[in-house]
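Colleague: I'd like a close look at one part of this model, the charged side chains and who they pair with. Could you walk me through it?

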Amino acid sequence: MGHVHYFQASIDWEDPKCVANWPQLVQDARLIIEAAGIDLTGNWNPRDELIPPIVNLDQVCFNGLAEDGHDPFIFGPNPTTPSGEPVDVPVESVKTNRKPYNLPIATFLLRAHYLLGSGVSSDGYWGETEWMDARNLCRILWPDEPAYCPWKETVDGVQTAGFEVEMLIAAPSNALTQSDNLTVEGKLRQMQLDQESLLALGPAKSTVSNLDFSHTREWLAECVTDTDGHADCQEFAVQWENLPGVTFRVVDACKRCIVEAPEGSSFVALTYVWGGIDQPKLLEATSSLLSQEGGLDTIWAKIPATVRDAIEVCDKIGERYLWVDSLCIKQDSSRDMRVQIMRMKRIYSSAKCTIVAASADTADVGLLGTSSDGLSEACASESALDHFLQTTPWNSRAWCYQEKVLSHRAIIFTSRGIYLQCQKGTYNAETGLRLAEGKKTKSQVKYNGIGGMLSIPPEQGLESYISAVEYYSSRKLTKQSDRLNAFQAIFQRYRGSIDGMSSGFLYGMPVDGFDQLICFRNKPHSPHLRNTSFPSWSWLGWNGPVSFNRELLAAGRTRQTLQIDNQDWMINSGEALRSKRLRKRAGWNIGFSGGGFPSSLAPYYHEDCLSIAASTLHLSIDRHPVQTRDSENNGLYAVRPAYCSYMDPDPIVIPFAPKVPKGNSNRSSTDTHNLSVHGEHPPDCEAKTPLGYIWLDRDWRDKSQSADCVLRFMAMAGEKRGPVDPNAVADADLPDFEEKLERHAAEIRHFSNIHKIDPGLWNITVLMCLQPVMHGDIKDGADERVQVMDCCITEEEWLRLGAYTSFRKIV
């Protein structure tokens, strides 16, 4: 699709086919918008007041939100402006700049071509990422319908022009057993046979049948009715629009069947660990059976003990409806799975309470689980409970993080008792007494507790987000492809703004503060946990724990790696000059000596490849670590200059001292280096003094890199020493835009100041180690991140050692 997304608007809206199918397309638009999971606004200007996308029989109109928007997408027989004024001139194209709202636009146009026969043209190609993403979404939402290439194009040697290119047959969302594909009658018969064989084993066991829930009922009733003392505990109203093939289902604990949730009814949600066991699921073939009264009784013994216990608990506390993923989402419907994943925030934040199976490592052991530490005494304080919960299977599962922090109340079942937790406090379910707070542990901070992400204090938006990422990234996923899906509810917590600043997300990284956030650290460095579905510069690209540098963020947030400084909104708001005072961007003198930190060469697009100007230098990594962490198999390695002033200079490559071998711009550790020459040099040889130290996986260093390991390092962040740039303009001195001529002159001066390289002296405090891309679809000359390290290198020393400005592609 390139940068621009064109479609032709010369549709005969009175044509019988258009008249007949337009209402269906409007309905499909609602489904596409929800399934795409992209923040959208109905306003033409993406920075204007947020309003819902406009979807009615007159038009479909939406834009990306804030900086994730560009031109509005307008399509329909009677388009109007957001204020309701008719659009006189038909809108014939939309330019998206490859922003995320490409996805719903491209998907909608494919449906428009299919249903209306509308003409669609694009400056991209059918096989490019943007159209592939749209085709994949079509595959999910309409698995049995064809997709057509709407324009003439040669695909695999065949010219396309309005004929079917492929049938988008969706693969099942989960791996289903052979029995999952049986007919309803066959499934029923199999269930009956299974039930008969299980009857010989006696009734299904329960771990909660003999428990007293009187204190639980009292706590829940008080928490619900005391809207003053428990104001923060009140669940959100259920906001659920039923779409074709997507309804809000719950388990009816009284009738023992699956029903569509009655409007206005309360429900309880369950959060638990599946544990890889085979369990009954809601499928197309079983939905009619399980929706009949008593339908769950026919498979009761096959339902995992944890789910059975949860249904029984609902009955004991007076709650009729339970939401549990395996029985309330059609597991073989890609459409239902997609939309319900996008609605997880609504589900858990709208539940009256959430039942937590904390100690159960699989779904078949029951709510109370099994003891992992041999202890059975109850926890006497909140801190003791929190410490214990950190060791439970539930706390290690990635999907459970958003279920935890978006729940208002929780009934927590553990091998050491049952606890009741709301936003006011924690109680022992057996005694009804409130637990003492105790000494708070690190994991008890605001954004890791029950309901921790429901209410975010002012100016804590970014802190809440990076805290959520740190907690989430330390948890485990069965399918690494779910790394984004299992965090969707957290993304939805932010709608184009963080701490009052316009900020979308780029592969999970907030745009505001991107320059500082990209300096996150892998803890520990684990190259085997690289998730190649996402770029290495994003935390999503690593299936392991990460941490962010809060000192960098406290000094100021900038976005120069993504956005050039001459955009109107950055100039007019003063953001461009503010960024300049906070950070020295790398210049555009590619191939020459230069310092500064990564800067964009053009407005960013929603791509996995960062194209930047950066100051880089090849450095060596010692063969042996000076310190080790055996539990993490990490070592602390010294990083040194690879070249020194005692080596013959090459004035063609670098006009100062060290000689850099030809081909340096693409050098990797697989190239031949002889670092032993430094041993023959005098004591003041630069290579004999480490520039800093970096934590790396020891197997990676020993087995994947050569003995003389030399890699590219990129200056990422630093501190200014002075002098102050005499051309800097204070916030109060921003141009006066009231008079046209004055404005023009001021803008010229303003623009000149912004693009003048800061002559001040800086210390470099953070470096990023890079290596050439070694996997998958290798991008020519692209690097990927290895790890970051702290340092303190004067910019003069950095340049003297041979640093130069280069054009880098980081994936």
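Colleague: To start with, which side chain does the side chain of Glu130 make a polar contact with?

Modeller: Keep in mind that this is a predicted model. The partner is Arg98: its side chain and that of Glu130 make a polar contact at 3.5 Å. Glu130 is part of helix α3, which covers residues 129–141. With a relative accessibility of 15%, Glu130 falls under the 20% cut-off, so it counts as buried.

Side chains of opposite charge can pair when their charged atoms come close. The count here comes to 36 salt bridges. One of them joins the side chains of Glu34 and Arg343, at 2.4 Å from N to O. Glu34 sits in helix α1 (residues 16–36), while Arg343 is in the loop between α9 (334–342) and α10 (344–350), so this pair ties together parts that are 309 residues apart in sequence. As for cover, Glu34 is buried at 14% relative accessibility, and Arg343 is buried too, with a relative accessible area of 0%.

Now take Arg256 and Asp297, whose side chains meet in a salt bridge at 3.1 Å, N to O. Both ends are in loops: Arg256 is between β11 (249–252) and β12 (257–260), and Asp297 is between α6 (287–290) and α7 (305–316), so the pair links parts 41 residues apart in sequence. Arg256 is partly exposed, with a relative accessible area of 26%. Asp297 also counts as partly exposed, at 35% relative accessibility.

Then there's a helix-to-helix case. The side chains of Glu470 and Arg550 form a salt bridge at 2.9 Å, N to O. Glu470 belongs to helix α14 (residues 461–473) and Arg550 to helix α17 (residues 550–555), so the pair ties together parts that are 80 residues apart in sequence.

Key:
Residues numbered from 1 in each chain as written. Predicted model: local features only at pLDDT ≥ 70, side-chain atom pairs only at ≥ 80, totals over all residues. Heavy atoms only, no water. Helix = DSSP H or I, 4+ residues; strand = E, 2+ residues; numbered from the N terminus. Buried < 20%, exposed > 50% of the residue type's maximum accessible area, 1.4 Å probe, protein only. Polar contact = N/O pair within 3.5 Å; in protein donor to acceptor, adjacent residues only side chain to side chain. Salt bridge = Lys/Arg side-chain N within 4 Å of Asp/Glu carboxyl O.
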